[in-house]
Structure formats: structure tokens, C-alpha cells
Amino acid sequence: MGSNINLFKLCSALRVLGYFMILLFAAIVALSYYAVVLITWGPLLFHSPLRLPSFFSAFFVLLLFHILLILLTWSYIMVVLNDPGSVPHNWRHHQQQQLRSDFNLETAPPTPSPAYCSRCQNGKPPRCHHCSICQRCVLKMDHHCIWVVNCVGARNYKYFLLFLLYTFLETTLDCLALVPSFIRFFGGNKNHSLSPGGFAVIFLASILNLAFALSLLCFVVMHISLLLSNTTSVEVHEKKKGVRWMYDLGWKRNFEQVFGTKKALWLFPLFSKEDLENIPALRGIDFPTRSDVDV
Ligand SMILES: [Zn+2]
Ligand SMILES: [Zn+2]
């Protein structure tokens, strides 16, 4: 009992930490915006229109920075606000009724089956897991992400992957875009217009962006391999060595199970109506297995 209470306190603390992470995320974006746009590349665009090479490179950096910023913020909002997928109410009862009519049983079979969550008192569809921070079962749960104060599951995994990808690209761009300031500041160029305060901001933004870019690179590589093998972070531990994973339908179909079939929407946190209707994995209750699709 005591350990339950401690666990509950820990989970509440993690939820509070989550809201702090949103503020931290906003602060890092604001710092990077100030360093890259307001004091480094923006002045080049507006104060040196006659020097064409620096004008065009500034235009290119600023355009790319803003496109990535819009895409990553959009994906972030979608992954924070969208339900990762919850189990329909009384899901177990529905299954039991099905069993009862199938076998013409007077009474439902006794319940203790492995696919039952005693904390939610509901059945667990395949690939569903109970999240102790959200305190509920989440469909095709991948992990609970404190950065997005939400679980990542069947219905928001694509948004999470896009958020990861665009944040990696943006932080990498920030690192590269701030390198010239370092060279000018340390290279003895007397014409640099940076104050020591401005340089401190650029220095801090570079360190933070470099740290994020490097750690995000590991996550991006890991999630690409999970995506293409149709495995969640939870299921990595369930897979048996040497046996091909039952949900692995080949990399192309695995990709479509998460990103949908409409190529025009692959880069955006959106799904077409047909994909939501035709791909059961996006709803998170049933998943085709290798034997269903003959691969
Ligand atoms: Zn549960
Ligand atoms: Zn959760």
C-alpha cells in the first residue's frame, strides 16, 4: 500500500514537471529565435541588401528557420492536445458477450485473462498498455513523454515522430547558423557588431541547440528503426530473438500504418478521412499481423 502511495506521488510530480517542460520548450524556442533571427541573420537581411551573397544566404536561413518552426510547433501542439487513444468503455464486456454467443454459454467465462487491466477494470486490446502517469490504458502505447505532457500512442505517434524530426532539423540548422558569429567574434574581425551580452545569448543558444541536436539524432535513428519494423518502444522487450515480429508487414506497409497512404500528408500532422477509415492501426484497436496479409 505504501509503495502505491509513493508511486502516485511520483506520477503526480511527473505531471507537474510536464507543464514545466512546455515552458522550458517555449523558452528554448524563444532564445533560439532571438539568437538566430533577431541578432544574427535578421540584421543581415535588412541592413545589407546591396551585398547580394549575404542577403540571399540570410533570406534562405530565415525562410528555412521559419518553415521548420511552423512545422515543429504545429506537430508539437498536435501531439500535446491529441488523445493517444483510449480503450472504449466496457471493452471486455463486449468481447465476453461475443464469446458467450459464439459458444452458446449460459455464463461468461471467468475473466482472469492476460488481456485485462485490473486498474482500469477493462479489457486490453492488443498492443495496449497501462500508463502509470496518465493512470489509464493507452492504445498501442509507445511511451509517456514528459516533453509533450502526454502519452504517445496509436493516434498521435505520427505527430510525435514529425515533432522529433522537425525539432532535430531546426536545432541542427540553429547550430550551423550560429557558427559564423563565433568565427567573427573570435577571428579578430573588428567589424562584428556583437555586444558581449549578444554573444552570451548566441553562446547559450548554441550549446543548448547542439545538446538537443545530438540527443535528438539518437531518438530519430531509434524511432526510424522502430517505425520500419512496426514495433513500439514498449514492445522492444517483448520481441523474441530470431522470430520475425508478428506485426512486421514489411517496411513500406509498416510506414503506412503510422503515416497513412496519402503522400501529400506525410510531412504534416494530418490524416485523410479515408486513411482513418481504412487503416485500423490508426484507430488503435485491431492490428493486421503477418499471417493476415501474407507477407
Ligand atoms: Zn489500464
Ligand atoms: Zn501516459
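Visitor: What makes the arrangement around the zinc ion (ligand 2) tetrahedral?

Guide: The angles subtended by the 4 donor atoms run from 102 to 114°. Four donors count as tetrahedral if all angles lie between 85 and 135 degrees, so the arrangement around this zinc ion is tetrahedral. Note that this is a predicted model.

Visitor: How do you know which atoms are donors of the zinc ion (ligand 2)?

Guide: The cut-off for a donor N, O or S atom is 2.8 Å from the metal. C131 (SG), C134 (SG), H144 (ND1) and C151 (SG) coordinate the zinc ion (ligand 2) at 2.0 to 2.3 Å, so these atoms count as donors. Along the sequence, the donor residues have the spacing C-x2-C-x9-H-x6-C.

Visitor: Why can C134 and H144 be said to tie parts of the chain together?

Guide: C134 is in the loop between β3 (129-131) and β4, whereas H144 is in strand β5 (residues 143-145), so the pair links parts that are 10 residues apart in sequence.

Visitor: Why is C134 called partly exposed?

Guide: The relative accessible area of C134 is 23%. Partly exposed covers the range between the buried limit of 20% and the exposed limit of 50%, so C134 is partly exposed.

Visitor: What makes the site of the zinc ion (ligand 1) tetrahedral?

Guide: The angles among its 4 donor atoms are 100 to 125°. The tetrahedral range is 85 to 135 degrees, so this site is tetrahedral as well. The protein donors are C117 (SG), C120 (SG), H130 (ND1) and C137 (SG), at 2.0 to 2.3 Å from the zinc ion (ligand 1). These donors follow the spacing C-x2-C-x9-H-x6-C along the chain. C120 belongs to the loop between β1 (116-117) and β2 (122-123) and C137 to strand β4 (residues 136-138), so this pair ties together parts 17 residues apart in sequence.

Visitor: Why does C120 count as partly exposed, and why does C137 count as buried?

Guide: C120 has 30% relative accessibility, and C137 has 5%. Buried means under 20%, and exposed means over 50%. C137 therefore counts as buried, and C120 as partly exposed.

Visitor: Which nonpolar core has 52 residues, and which residues have the most contacts inside it?

Guide: That is the largest nonpolar core, and the residues with the most contacts inside it are W41, Y157, F160, L161 and F259. At least two of its residues come from each of α1 (2-47), α2 (52-81), α4 (157-186), α5 (196-228), α6 (251-259) and α8 (280-283). The most are given by α4, with 13 residues. Domain 1 (20-86 + 155-295) and domain 2 (91-152) each provide at least three residues. Apart from this core lies another, of 8 residues, including V87, C117, C128 and L139.

Visitor: What does L161 touch?

Guide: Leaving out residues up to four places away in sequence, L161 touches H223, L227, V258 and F259.

Visitor: Which residues of α6 are buried, and against what do they pack?

Guide: N254, F255, E256, Q257, V258 and F259 are buried in α6. The buried residues of this helix pack against α4, α5 and α8. Just after α6, G260 has a positive phi of about 85°.

Visitor: What makes the phi of K140 worth a remark?

Guide: Most residues other than glycine have a negative phi. The phi of K140 is near 40°, a positive value in a residue other than glycine. K140 is in the loop between β4 and β5. Its relative accessible area is 8%, so K140 is buried.

Visitor: Why is N230 called buried?

Guide: N230 has a relative accessible area of 5%, and buried means under 20%; N230 is therefore buried. N230 lies in the loop between α5 and α6. Its phi is near 55°, again positive in a residue other than glycine.

Visitor: Which residues does the UniProt annotation "transmembrane region" cover?

Guide: According to the unreviewed UniProt entry, the annotation covers residues 12-35, 55-81, 159-179 and 199-222. In the model, residues 55-81 are 100% helix and 0% strand, with end C-alpha atoms 39 Å apart. Residues 159-179 are also 100% helix and 0% strand, and their end C-alpha atoms lie 30 Å apart.

Notes: Residues are numbered from 1 along each chain as its sequence is written. Chains are lettered from A and ligands numbered from 1 in the order in which they are written. This is a predicted model: local features need pLDDT of at least 70, side-chain atom pairs count only at pLDDT 80 or more; totals for chains, interfaces and linings use all residues. Side-chain values use heavy atoms; hydrogens and water are left out. A nonpolar core is a set of buried Ala, Val, Leu, Ile, Met, Phe, Trp, Tyr and Cys residues joined through side-chain atoms within 4.5 Å. Buried means under 20% relative accessible area, exposed over 50%, partly exposed in between (1.4 Å probe, protein chains only). Helices (H or I, at least four residues) and strands (E, at least two) are DSSP runs, numbered from the N terminus. Domain bounds come from an automatic or database domain assignment. Contact means heavy atoms within 4.5 Å. Donors are N, O and S atoms within 2.8 Å of the metal (3.2 Å for Na, K and Ca); water is not among the atoms, so sites may look incomplete. Four donors count as tetrahedral if all angles lie between 85 and 135 degrees; four count as square planar and six as octahedral if opposite donors are over 155 degrees apart and all others between 65 and 115; anything else is irregular. UniProt positions are given in the numbering used here, feature names are shortened, and annotations may be inferred rather than shown by experiment.
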